[in-house]
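Please read the report below alongside the sequence and the structure.

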Amino acid sequence: MKILIIDDEKNICGTIKDIVEDEGHEADFALTFEDGFKKLQNEIYDVIFLDIWLPDKDGNEGLKDIKKYFPETEVIIISGHGNIENAVDAIKNGAYDFLEKPLSLDRIILLLKHINDKIELVRDLKYYKFDLLKRYELIGESDEIIKLKRRIEKIAPTNAWVLITGDNGTGKEHVARLIHLLSKRSNQRFVELNCSAIPSELIESEMFGYEKGAFTGAINRKIGKIELADKGTLFLDEVGDMDLVMQAKLLRVLETFEFTRLGGNEIIRSDFRLISATNKNIEKEIAEGRFREDLYYRINVVPIHVPPLKQRKQDIPLLVKHFLKESCYSNGLDLKEIDDDLMELFIEYDWPGNVRQLKNTVERMVVLSESDKLTVDDVPGFLKGIKNDDFEIISMGLPLKKAKEIFEKNYIAKVLKSNNWNISQSAKVLEIERTYLHRKINQFGLKKW
C-alpha cells in the first residue's frame, strides 16, 4: 500500500513513516494540509493518517475534502486531544478510524492489516464483477444488438422496472443479469424465480416464504424470493405463465412493497427492482383473459425486446467463434477451427431455439468431433434437413412444458398422416375422444397435406 501522513509534528510523521515502511509499505508525509492535498492530486494513496489539528485547516474539514475528491482513499484521524465528540464527527465524515496520541505501534499495524485486507477484497470483487460482465457480454455487431446494448446501458443505472420479451433461447435471462450488473444494485442479490418451472400450488410459498408450521411439511421458516431480493433485483422469468390468482397477490406486493409469509402475521417490506421476462404475447394473453391488464401496465415500465437469431444472422460467425472457444476451454480441449462451408450452414439455418440452440449445437460438435477442424460432416441431423431429429429439440433447451407440446404436435401429426387423416381411427389409436383430437388439431394448427 502507499500511505501519506499529514501532521504538523515532524517527529510524529517520522514515527508513522518508520512503522509503515517496516511493514513493507511505501510512505510519504506533509506538514500542512495544503502540501498534503497537493501530493494527493499528484499521487494515488491507499491510506492517509490525518492530524485533526493542523496550522492551515481543521482536520475534520480536511477529511470532508479528501472524501469528496478521493472517496476510495481510507483516512485515519489522529489527535493529541482526543474526545468522543471528535471521534464521532470523524467517523460520520468518512474516517476509517480515530487514533489518540501517543500512538500505539500495535494499533497502527493492526489498522494497516485490516485496511489492506479490505483493499484486496474490494479489488477481488471488482475483478469478479468484471468477469461477470464479460460472461454476460452481448456478442454481436448487428444493428439489433447495438440498439439492445444502448438501451440496456441507458436504463440499467436507473431503478425503472423492466419487461423483457423475446422467443425461447434468445437470452432474456442473460439481458436481465446484465442490467443488474450495470445497476446501482449490482453489489446486492440477483434473485430469480421461474414462474413456469414451479407448480402453481407451490409458487406462493416460493415467492413469499412461510413460517414454521404454516402447512404440513413446513418444519422450518423459509425466506421467500421477494424478501431475499431486498435492496437487490427480483427477476420473474416467464411471468406470462403465472396463474391469475398469483397475479393478483403479486400485484398487491408491487403496489405496496409489503407482504407476509404464509402462516405469519408480520408485515415485511422489501425494496427490490423488478425485472420480468416472457416469451408470450402478453397483450394477446390479456385479450384471452389469462393475464391481468393492471399487472401488465405495472411491470411494463421499460420494455426491452430481444430479437431472434434469424433477425441478426450477421452475428452468427461471432457467436460461433465465441462458443467454440468457450466449449474447448470448459472441456479441456485444444482450440478447434470452423470450416467455411460449416459456417455458411450455420448462417443459413433459422435456429428456432435461437442463441441457446446454437451454443448447445457447437458444444456437442466440439465434444464429439475427433478432428481439429469442425466440418459439415460433424453436424447433427437437423442441420442436414433430417426431419424430427431428437437432438434438435434437446439443443433448443426448451422448458419441459414446451418440449412436451412439440412432441405432442409431432406425434399427433404422424398418427393422422398414417391413418390418412381419418379422425375416428386416429382418435382410437391415440386413445382420446374425437372432440379432444379436433381441439388439438386446431390448437397446433395441423393441416392435411
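## Strand β13

In β13, R273, I275 and A277 point one way and L274, S276 and T278 the other way, and all are buried. Buried means under 20% relative accessible area, exposed over 50%, and partly exposed in between (1.4 Å probe, protein chains only). Because 6 of the 6 residues of β13 are buried, the strand is largely enclosed by the rest of the structure. Helices (H or I, at least four residues) and strands (E, at least two) are DSSP runs, numbered from the N terminus.

This is a predicted model, in which local features need pLDDT of at least 70 and side-chain atom pairs count only at pLDDT 80 or more, while totals for chains, interfaces and linings use all residues. Residues are numbered from 1 along each chain as its sequence is written, and side-chain values use heavy atoms, with hydrogens and water left out.

## The sheet around β13

Where does β13 sit among the strands? An open sheet of 5 strands has the order β7-β10-β13-β6-β14, with parallel pairing. Two strands pair if DSSP finds at least two bridges between them. The edge strands are β7 and β14 (302-305), each of which pairs on one side only. From one strand to the next the twist averages 20°.

β6 and β13 run parallel and are joined by 4 bridges, and I164 stands opposite A277 in β13. β10 and β13 also run parallel, joined by 4 bridges, and here T233 stands opposite R273 in β13. Between β7 and β10, which run parallel, there are 5 bridges; the bridge partner of L193 in β10 is L236.

Helix α6 (residues 143-155) lies across β6 (162-165), β13 (273-278) and β14, and runs at about 155° to β14. Axes are lines fitted to C-alpha atoms, for helices over the stretch in contact, and angles run from 0 to 180 degrees between N-to-C directions. In helix α7 (residues 172-181), 7 of the 10 residues are buried, so this helix is largely enclosed by the rest of the structure. The buried residues of α7 are K172, V175, A176, L178, I179, H180 and L181.

I304 is placed in strand β14. At 1% relative accessibility, I304 counts as buried. Leaving aside neighbours within four places in sequence, I304 is in contact (heavy atoms within 4.5 Å) with residues including L148, R151, I152, I155, V175 and I179. I304 and I152 are 152 residues apart in sequence, but 8.3 Å apart in space, C-alpha to C-alpha.

## Nonpolar cores

A nonpolar core is a set of buried Ala, Val, Leu, Ile, Met, Phe, Trp, Tyr and Cys residues joined through side-chain atoms within 4.5 Å. The largest has 29 residues, and M207 and L236 have the most contacts inside it. Two or more residues come from each of β7 (190-194), α8 (200-208), β10 (233-237), α10 (244-256) and α12 (293-299). α10 gives the most to this core, with 5 residues.

M207 is in contact with L193, G224, K225, I226, L236, M242, M246 and L250, leaving aside its neighbours within four places in sequence. Another core lies apart from this one and has 24 residues, among them I139, L309, V320 and M365.

## Strand β3

All 5 of the 5 residues of strand β3 (residues 47-51) are buried, so β3 is largely enclosed by the rest of the structure. V47, F49 and D51 point one way from β3, and I48 and L50 the other way.

Strand β1 (residues 2-6) pairs with β3 in the parallel sense over 4 bridges, and F49 in β3 is the bridge partner of I5. β3 also runs parallel to strand β4 (residues 74-79), joined by 5 bridges, with V47 opposite E74 in β4.

## Two helix pairs

Helix α2 (residues 33-42) and helix α3 (residues 59-69) pack at an angle of about 10°, with their axes 12 Å apart. α2 and α3 are therefore roughly parallel to each other. Angles under 35 degrees count as roughly parallel, over 145 as roughly antiparallel, 65 to 115 as roughly perpendicular and the rest as oblique. F33, F37 and L40 in α2 meet G62, D65, I66 and Y69 in α3.

Helix α18 (residues 423-430) and helix α19 (residues 434-444) pack at about 100°, with axes 9 Å apart. α18 and α19 are therefore roughly perpendicular to each other. In this pair, I423, S424, S426, A427 and L430 of α18 meet R434, L437, H438 and I441 of α19.
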